[in-house]
Amino acid sequence: MRTAMAAAEVGDDVFLEDPTLNRLQDRAAEIFGREAGLYVPSGTMGNLVCMMAHTRHGQEVICEESGHTYNYEMAGMCSIAGVLPRVVAGQDGILSWEGIRRAIRPKVYYRPQTALINLENTHNMAGGTVYPTALVDEICNNAHEAGLLVHMDGARIFNAATYLGEDVSAMTRNCDSIQFCLSKGLGAPVGSLIVGSRELIERSRSIRKMLGGGMRQAGVLAAAGLVALEEGPRRLSLDHENAKHLAQGLAGIPGVTLNAGKVQTNIVIFSLEGSGILSAEFISELNKRNILALPVDGFRVRMVTHLEVDRAAIDTAIGVVSEIMRKHEHAS
């Protein structure tokens with residue numbers, strides 16, 4: 001990837017002249033069976049751009065209550081896009097059409113109107129859960145009949161495809177826009193892509209520029225993205241296997257609460273509430289041993305497997321967690 005970046009042919013993308021970035025955008029569109037693609041610096045910007053392209057101020061966007069766009073994107077949909085989130089609880093982060101249907105506003109002039117449905121696949125804070133493609137199709141078909149659009153926050157859509165054994169183009173064929181990350185599981189240092197109709201992408205390009213996402217010789221980044229896009233999906237199954245191994249190991253440690261059977265992709269979320277140890281205290285102990293994790297809340301912790309984590313590292317992490325929990329139990 002670094003070699004590809006060093007050798008990248010570049011131009012000025014503000015004038016659509018960067019050949020490497022153009023190849024990346026065209027290749028992404030081809031993989032997803034879409035007319036065009038657009039590179040953005042981050043998934044957060046990609047989601048925001050799509051929301052702005054699909055809505056107008058004062059409308060509502062239906063999203064899952066623990067979803068990324070609602071909880072971790074700095075309220076951009078409100079403060080910048082001018083739309084109101086209408087949150088719905090999903091089952092393990094997965095929305096149903098019935099749940100969405102009940103949240104759609106009646107068409108009366110004195111209430112904000114529903115314009116867009118946001119789906120997250122895989123669902124980060126539900127532990128990397130995956131939408132079945134039949135459910136995505138059901139939601140999209142019913143949404144379109146109701147005059148609504150559907151955006152797929154597919155930051156980890158290739159993880160979902162690996163889990164299902166399906167193709168991303170078929171999985172997202174009825175969505176009106178898709179954002180996916182080149183970083184995360186695919187391994188690029190930076191960047192995401194939007195794919196959709198040519199009309200959507202042209203509108204999105206203007207919005208990206210307005211948000212400060214116009215770039216010059218971005219082919220250096222695009223070269224890494226091309227390597228990630230072509231090679232990254234092939235090895236995601238290893239991350240999933242490692243996550244399963246991690247989950248099974250953690251589930252056997254007293255004081256750790258985790259249903260290892262529910263881990264589908266590369267995210268493992270577990271609770272320490274039964275032990276009484278706070279997640280911040282626990283993560284501080286992990287950091288001392290060069291193991292990184294994130295707090296979800298006061299007692300829950302999130303770990304993610306990726307291409308720089310092998311089976312030996314997983315076993316080390318399991319051993320360290322076991323040691324920390326034993327010390328805490330004795331101290332108590």
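Contact here means heavy atoms within 4.5 Å. The model is predicted: local features need pLDDT of at least 70, side-chain atom pairs count only at pLDDT 80 or more, and totals for chains, interfaces and linings use all residues. Residues are numbered from 1 along each chain as its sequence is written, and side-chain values use heavy atoms, with hydrogens and water left out.

Start with Q113. Leaving aside neighbours within four places in sequence, Q113 is in contact with G58, Q59, E60, R105, P106, K107 and V108. Q113 sits in the loop between α6 (97–103) and β4 (114–120). Helices (H or I, at least four residues) and strands (E, at least two) are DSSP runs, numbered from the N terminus. A polar atom of the Q113 side chain lies 3.0 Å from the backbone oxygen of P106.

Next comes the sheet. Two strands pair if DSSP finds at least two bridges between them. Seven strands form an open sheet with mixed pairing, in the order β1-β7-β6-β5-β4-β2-β3. The edges belong to β1 (36–40) and β3 (84–88); each has a single partner strand, so one side of each is left without a neighbour in the sheet. On average, neighbouring strands of this sheet are turned by 20 degrees against each other, direction ignored.

Within that order, look at β6 and β7. Strand β6 (residues 177–181) pairs with strand β7 (residues 192–196) in the antiparallel sense, over four bridges. Here I178 stands opposite V195 in β7. Helix α10 (residues 198–210) lies across β1, β6 and β7 and runs at about 20 degrees to β1. Axes are lines fitted to C-alpha atoms, for helices over the stretch in contact, and angles run from 0 to 180 degrees between N-to-C directions.

Side chains of opposite charge can pair when their charged atoms come close. A salt bridge is a side-chain nitrogen of Lys or Arg within 4 Å of a carboxyl oxygen of Asp or Glu. By this rule the count comes to 16 salt bridges. One of them joins the side chains of D13 and R208, at 3.2 Å from N to O. D13 lies in the loop between α1 (2–6) and α2 (19–32) and R208 in helix α10, so the pair ties together parts that are 195 residues apart in sequence. Both D13 and R208 are buried. Buried means under 20% relative accessible area, exposed over 50%, and partly exposed in between (1.4 Å probe, protein chains only).

Another salt bridge links R27 and E230, with the closest N and O atoms 2.6 Å apart. R27 lies in helix α2 and E230 in helix α11 (residues 219–231), so this pair ties together parts that are 203 residues apart in sequence. R27 counts as partly exposed because its relative accessibility is 27%. E230 is partly exposed too, at 32%.

D137 and R173 form a further salt bridge, their closest N and O atoms being 2.6 Å apart. D137 lies in helix α7 (residues 133–145) and R173 in the loop between α9 (168–171) and β6, so parts 36 residues apart in sequence are tied together. D137 is buried, with a relative accessible area of 10%. Elsewhere, E285, K288, R289, E323 and K327 are linked in a network of salt bridges.

Finish at β8. Strand β8 (residues 267–271) is mostly covered, with five of its five residues buried. I267, I269 and S271 lie on one side, V268 and F270 on the other. Strand β8 pairs with strand β10 (residues 300–304) in the antiparallel sense over five bridges. I267 stands opposite V304 in β10.

Key: Polar contact = N/O pair within 3.5 Å; in protein donor to acceptor, adjacent residues only side chain to side chain.
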